[in-house]
Amino acid sequence: MGWPRLGLWLKRFWVLLQVAMEVATGKVLMTLFPDRVKRNILAMGQKTGMAQNPRFSHDNWIPTFFSSQYFRFVLKVRWQRLEDMAQRGGLAPNCPVIRLSRQKCSIWDFMRG
């Protein structure tokens with residue numbers, strides 16, 4: 001494991017701590033102040049247009065905030081963003097590629113030395 005990969009793992013660990021803290025804080029706030037949290041989430045839904053869909057009921061999607069599924073999803077997305085960012089002197093983004101033989105692989109599969 002080279003230094004650039006160690007740096008990626010340290011960044012992943014930092015993101016894990018951040019997401020865990022955000023989810024834990026959200027769970028505590030939802031327990032202590034459920035009406036206030038519900039209003040804030042609905043306000044965010046109004047800004048994004050999510051709450052304007054008539055098939056979505058806030059009773060269906062508000063409980064999913066700060067759940068274990070939410071935690072895993074947010075963690076996966078933020079980790080993917082780390083891999084998608086290119087930094088000078090760092091690793092290339094680990095983008096999926098397809099060989100001429102139609103075999104799926106990633107750019108990191110072609111790294112040498």
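The model is predicted.

The chain holds four helices and two strands. Read from the N terminus, the order of elements is α-α-α-α-β-β. The helices thus named include α1 at residues 3-32, α3 at 58-61 and α4 at residues 68-84. Strand β1 spans 96-98, and strand β2 spans residues 104-106.

Along the principal axes, the C-alpha atoms fill a box of roughly 55 × 30 × 25 Å.

Of the 113 residues, 21% count as buried. The accessible surface amounts to about 9200 Å². Carbon and sulfur atoms account for 61% of that surface. Contacts were also sorted by sequence separation. Among contacts between residues at least 6 apart in sequence, 47% join residues at least 24 apart.

The charges came next. The chain carries 18 positive and 6 negative charges. The mean positions of the two sets lie 5 Å apart. Side chains of opposite charge can pair when their charged atoms come close. Here the count comes to one salt bridge. Arg78 pairs with Glu22, and their closest N and O atoms are 3.0 Å apart. This distance falls within the 4 Å cut-off, so the pair counts as a salt bridge. The pair links distant parts of the chain. Arg78 sits in helix α4 and Glu22 in helix α1, 56 residues apart. Arg78 has 26% relative accessibility and so counts as partly exposed. Glu22, at 40% relative accessibility, also counts as partly exposed.

Trp9 belongs to helix α1. Its relative accessibility is 43%, so Trp9 counts as partly exposed. Trp9 and Trp79 are separated by 70 residues in sequence. In space, their C-alpha atoms are 9.7 Å apart.

Backbone torsions were then considered. Most residues other than glycine have a negative phi. Phe66 has a positive phi, near 65°, and is not a glycine. Phe66 is placed in the loop between α3 and α4. Its relative accessible area is 15%, which is under the 20% limit, so Phe66 is buried. Arg102 likewise has a positive phi, at about 70°, although Arg102 is not a glycine. Arg102 lies in the loop between β1 and β2. With a relative accessible area of 74%, over the 50% limit, Arg102 is therefore exposed. Both residues thus have a positive phi in a loop, but Phe66 is buried and Arg102 is exposed.

Ser106 lies in strand β2. Its relative accessible area is 14%, so Ser106 counts as buried. Neighbours within four places in sequence were left aside in listing its contacts. Ser106 then touches Asn94, Cys95, Pro96 and Val97. Of these partners, Pro96 and Val97 fall in the range 96-98 of strand β1.

Terms used. Residues numbered from 1 in each chain as written. Predicted model: local features only at pLDDT ≥ 70, side-chain atom pairs only at ≥ 80, totals over all residues. Heavy atoms only, no water. Buried < 20%, exposed > 50% of the residue type's maximum accessible area, 1.4 Å probe, protein only. Contact = heavy atoms within 4.5 Å. Areas by Shrake-Rupley, 256 points an atom, 1.4 Å probe, with all protein chains shown as cover. Lys, Arg positive; Asp, Glu negative; His and termini not counted. Charge placed at Lys NZ, Arg CZ, Asp CG, Glu CD. Salt bridge = Lys/Arg side-chain N within 4 Å of Asp/Glu carboxyl O.
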